[in-house]
Amino acid sequence: MVNRIPIALLALLALSLFWMTPSAAAQDTKPLRGVVLDELSGQPVPMATVIVTGTQYGTAANLEGQFELLLRPEDHMLRISAIGYASLIIHITPDMRQGGSLTARLEPSVISVDEVVVAGNRSRVDDPSASAHNPNATEDLLDRIPGADFIQRANFAWEPVIRGMNGGQVGVVIDGMKVVGACIDRMDPTSAYVEVENLERLELTKGGFDLNMGSQIGGTVNLMTERPSFEEDPFISTEVGFESASMLRRGRVVAGMAKGKTSVRGSWSYRIADDFTAGGGQSLTNSGYEKNNYKIDVTRMLNHAHQVTGSFLADNAWGVGYPVLLMDATLAKARIGSVTHNWERHMAKRGLKTAETRIYHNTVNHWMDDYQRDVFDRPVMRGMYMPMYGKTQTSGLISRWGFRFGPSRMNLTLDAYQTDSFGDMWMFSVFENIQDMYLLNLGDIRVRHGALAADWTTPLADNLIGRVNVRWDYSTRDVLRDEAVSILQGRWGDEDLARTYSFGNVSGTLDYALNAITRLRLSLAHVSRLPTHVENYGHYVYNYVDGFFYTGNPNLKPERSNQIEIGLERWTSRYGLTASVFGNRIQDYIVGLSDTGLSDNEIYRFRVYQNASSASLVGFEVSAVADIARGFSVAGTSSYTRGQNHELDEPMFLIPPLSAQLAMRYDRPSYWAEIESRMAMPQERVSRQIAVEDVSDGYFVINVRGSYTLQNATSLRFGIDNLFDTLYHEHLSFGNLPNEGRNVYLSVSHTL
Amino acid sequence: MHPVPGDNASDDVVLIDHVEAGTQLTLVAEEPLGWGFNRFRIEASEGWQSFTPMLVFETQTRIWRSPIEPIMTDDSGVVYAVPPMEDDGTWYLEIDGSTTEGPISLRTPVAVSEDIWVREGDSSDLIVAWVAPTTPMTGNDAFEVAIYRNENGAFVPVTDASLDLYPYMDMGGGEGHSTPYSAPVHTGNGHYRGDVNFIMSGGWDMTVIVTKDGQTENIVFAGFTVKQG
């Protein structure tokens, strides 16, 4: 069934809300007066954007960095951004509402960072790459960032792909913390264990230019969680939502309060989805899921400079169906705890200014089985049930120190952690003469990792900023379980399976201000990424994409990459434009190559991870937004990546095609509406040797959506995705898993 | 139940416990005797000067003397024997030896059950006996067989064969796979040794491909269990 609620009714509701008279934009008559300054130079930042988070309501600073903004009762946070600077989030205080003043100091951000800010349960929509979707899950926040794609294995837990890089080439961290998925088949990317209401913002860096979060060649997604606030009044925010394509129902509650020197914030959410319906009414069995998440944070302010925060996040997903795979996830759970000490020397001009040290521990458990499947009706592993289990446990410390030296700044990062991993699979045949079988996929792999990073930014001339980021990594890893030791010793003929990696990375950027509104950026990087624990020590890990069993290789070298990126950013009061072209040459590219001799049939096929000679990627991303009339704006993004595996002289595997999004939006203080088109060209450059990858058709879909705020505290969001019920799938979808068909959604949120 | 060599390793079977003239000789099998290599532990008191155990199979028409290999694998004295494979007869354990009092012969009937651990060729007179691993485990196992020719009831070690292997796990439904191995090579006295890295536990078949004098014979040890290492 395509639409299980009357579409006409929702459309009528949406239209009626459109023509309702908006509420008064503001009750106060005294505007907030502010000035935006460069943190390093103290000079005004012209044309900075000042936006109330969660809305399009805001203003722009003038050429002297000054602005005025009339704040409304429902406004809680401001986001101040400008090209070449890291965005600044400011909690609105009662004084600011009463015509107060604000001096905002922006830190130059020499590298390009895509950022999506989440305010409570809302996502920011003020630049072309910010999601306008009603955020159901963390991945929804990334859905409009060019160069960011997803490997889709189900209607749940999509794995981020950045510029065609995935898996161990991309880092996903939570507040900088390492959290390792427990499923050996990567069904539980780290982003699956964080919900929208947990987040303050999501930062995505592309390529290997930012080394502070890890040594990655693809990029990093940093999920930055919300912390208790001392500025806000006590609040409770609730939201309920519904989506028709999967009959998804969800609810969220976020609450917070501060008393004296202690502040508390907590959140809880629950969602349940049935089997979803793809375009054309095609229902996909085994595609539902159920999930809950809760998080609590307590911050104690020790004095004006020190505060300590304890955080605990628990996330559980169960009954997760994988319609194009052999089995389903019965339970995926994560427990993530941390204690963070923050110190800040206010008003400091030189020397150490900030310090943040976090110790953390997390465990992730993941169970899959096929007990609900017809095990006779499948091409491989016929006639057997295969429950799988995986577990990881990570403890670590991450400490960041921020220094100021006049107009220069330096950040030092110490990043250390230990991860223990285990994974196995039972096979219970339905044939009486076949014994139970047991496969140890990961036999207690221990990875110990330490890294030091330094990030130095300094003005080189009046219009030129330079940045150098270096990082040194030291990693040891070994196999602790005797059975796995014996298996791998037999495979590799090596008594000692322990390995040590030590290497350095460096990236540099020159940021040149062509004029007050245009900047050019040149970035270079020589970076490496370590093999994952599965690539080193995995034992016959079944890959559902290509149907091969993969064996790890302790002798893998790090994957090395030389990268270049040239970027352009231009922002005026009427339009903004960002564009970048990049090139990435990978040496010692880690791929699975044939491991012959174990099977002479096409059912069981084996591969072993090897360092191939080289691969290369080139591509571009472009984003633009323009105000075309009062309240009307147009935003668009496009990206393209071309990957070539030189070892096998074929296209790289899992490279997204040329894609684009274009949205037109009408925005008023209390409501907005948007029509968005999303399109992708066919992908005909596919891998035939690394994987038997299908050519993908292109697609074009239309989405419409809107939001309306009632009485300053209640907000409705509604929309129809895939308006014309097109049957399509993304190129990176496993088994050509189709996307949802026409999806009518509605959510209501209320804040007390 | 699926056969597991050495699975009853803790179930000692006392075959002979002889006390005479102040001397004692005890012969213990580490598991009930079966077709294939059997491990004995012999404990002799002072006064025994020599002893040789022998498995003898007697039918109404002939006597088979199982080869006894004086392979002393450790201080406790473990010997192996390959019984011939016939059903209609009686098994005896004989010990010829001498003490300070003079020569002595002991003989006692024993039970030897049919098992999979020794196989005859279909088209030749080769006999292949599984020697090791006594308990196959996941991971890397030293794999060893002994090959004999049956020459009128005598077992003659074959020292000039070339061997290959094909370990195979039947996963049901007509599907299955192999596992990494190295071809066994002759190490002496008809024994051949290689490596097999059983990648997972469960039921396996092992085909020993023996080539001798230009003829190839496939000897299959079917349905043995590999346990978790």
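1. Two strands are taken to pair if DSSP finds at least two bridges between them. By that criterion, strand β2 of chain A, residues 49–52, pairs with strand β5 of chain A, residues 77–81; the sense is antiparallel and the pairing runs over four bridges. Within this pairing, I51(A) faces R79(A) of β5(A). The model under discussion is a predicted one.

2. The β2–β5 pairing belongs to an open sheet of four strands in chain A, ordered β3-β2-β5-β6 and paired in the antiparallel sense. Its edges are β3 (58–60) and β6 (88–91) of chain A, each of which pairs on one side only. From one strand to the next, the twist averages 15°.

3. Of the 229 residues in chain B, 35% are buried. Among contacts in chain B between residues at least 6 apart in sequence, those joining residues at least 24 apart account for 58%.

4. The domain assignment divides chain B into domain 1, covering 13–110, and domain 2, covering 118–226. Taken over C-alpha atoms, the centres of these two domains of chain B are separated by 26 Å. Domain 1 of chain B contributes 10 residues to the contact, and domain 2 of chain B likewise contributes 10 residues. On the side of domain 1 of chain B that touches domain 2 of chain B, seven residues are nonpolar, one is polar and two are charged.

5. The contact between the chains draws 25 residues from chain A and 23 residues from chain B. On the side of chain A that touches chain B, β26 (437–461) and α3 (482–492) of chain A each supply at least two residues. The largest share of that side, seven residues, is provided by α3(A). Classified by residue type, the side of chain A that touches chain B holds 12 nonpolar, eight polar and five charged residues.

6. Which residues touch the most other members of the largest nonpolar core? They are V128(B), A129(B), V145(B) and I147(B), in a core of 140 residues. The largest share of this core, eight residues, comes from β26(A), a strand that also supplies at least two residues of the side of chain A that touches chain B. Once neighbours within four places in sequence are set aside, the contacts of I147(B) are L126(B), V128(B), V158(B), A161(B), G190(B), Y192(B) and V210(B).

7. Another core, of 21 residues, lies apart from the largest one; among its members are V50(A), I51(A), L71(A) and Y85(A). In soluble globular proteins generally, nonpolar side chains tend to be buried together.

8. Is H750(A) buried, partly exposed or exposed? H750(A) counts as partly exposed because it has 14 C-beta neighbours inside 10 Å, whereas a buried residue requires 20 or more and an exposed one has 12 or fewer. H750(A) is placed in strand β41 of chain A, residues 743–751. Leaving out residues up to four places away in sequence, H750(A) touches T238(A), A713(A) and T714(A). F150(A) lies 600 residues from H750(A) along the chain, and 31 Å separate their C-alpha atoms.

Notes:
Residues are numbered from 1 along each chain as its sequence is written. Chains are lettered from A and ligands numbered from 1 in the order in which they are written. This is a predicted model: local features need pLDDT of at least 70, side-chain atom pairs count only at pLDDT 80 or more; totals for chains, interfaces and linings use all residues. Axes are lines fitted to C-alpha atoms, for helices over the stretch in contact, and angles run from 0 to 180 degrees between N-to-C directions. Domain bounds come from an automatic or database domain assignment. Two residues are in contact if their C-beta atoms, placed from the backbone, lie within 7 Å. Ala, Val, Leu, Ile, Met, Phe, Trp, Tyr, Cys and Pro count as nonpolar, Asp, Glu, Lys and Arg as charged, and the others, Gly among them, as polar. A nonpolar core is a set of buried Ala, Val, Leu, Ile, Met, Phe, Trp, Tyr and Cys residues joined through C-beta atoms within 7 Å.
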